[in-house]
Amino acid sequence: MDAVAIFDPVSSAEPLKKEAHDQGFKVIGVFTQPLRFFQEYYHLDKAALSAGCDEVIIAESGDEILKQLRTSKFKV
C-alpha cells in the first residue's frame with residue numbers, strides 16, 4: 001500500500017492529508033459530490049479543494065469510486 005483514500009477531504013479531514021503525507025503515503029481525495037457543491041459550501045476553489053491530494057476522484061456512486069480506485073496509479 002502506498003496511498004490512502006480520504007473521502008471528502010475538506011474541513012475536519014484536512015489534517016488527515018498532512019498526517020498521511022507525514023507517514024509517507026500518497027493521498028487520493030475522493031469527492032462524493034460534484035466539486036461545485038464543496039466550492040459553494042466551503043467557499044473554496046478547485047485548487048484549494050485538491051491541495052494536498054496526489055490524485056482526485058470525483059464520483060457519487062460506490063461502484064464508480066471503486067472503479068476509479070482500482071485504476072489509480074497508486075495502490076490503496
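In the predicted model, tyrosine 41 counts as exposed, at 56% relative accessibility. Tyrosine 42 counts as partly exposed, with a relative accessibility of 31%. These two residues, tyrosine 41 and tyrosine 42, form an edge-to-face aromatic pair, with 4.8 Å centre to centre and 75° between the planes.

The structure holds 5 aromatic pairs. One of them joins phenylalanine 31 to phenylalanine 38; the geometry is edge-to-face, at 5.2 Å centre to centre and 75° between the planes. Phenylalanine 31 is buried, its relative accessible area being 0%. Phenylalanine 38 is likewise buried, since its relative accessible area of 3% falls under the 20% limit. One aromatic cluster is formed by Phe31, Phe37, Phe38, Tyr41 and Tyr42.

Most residues other than glycine have a negative phi. Aspartate 8, although not a glycine, has a positive phi of about 50°. Aspartate 8 is placed in the loop between strand 1 (3–7) and helix 1 (14–22), and is partly exposed, with a relative accessible area of 25%.

Histidine 43 is not a glycine either, and its phi is positive, at about 55°. The loop that holds histidine 43 runs between helix 2 (35–42) and helix 3 (46–50). Histidine 43 counts as exposed because its relative accessible area of 68% is over the 50% cut-off.

Definitions and conventions. Residues numbered from 1 in each chain as written. Predicted model: local features only at pLDDT ≥ 70, side-chain atom pairs only at ≥ 80, totals over all residues. Heavy atoms only, no water. Phe/Tyr/Trp six-rings, centres within 6.5 Å; stacked < 30°, edge-to-face > 60°. Buried < 20%, exposed > 50% of the residue type's maximum accessible area, 1.4 Å probe, protein only. Helix = DSSP H or I, 4+ residues; strand = E, 2+ residues; numbered from the N terminus.
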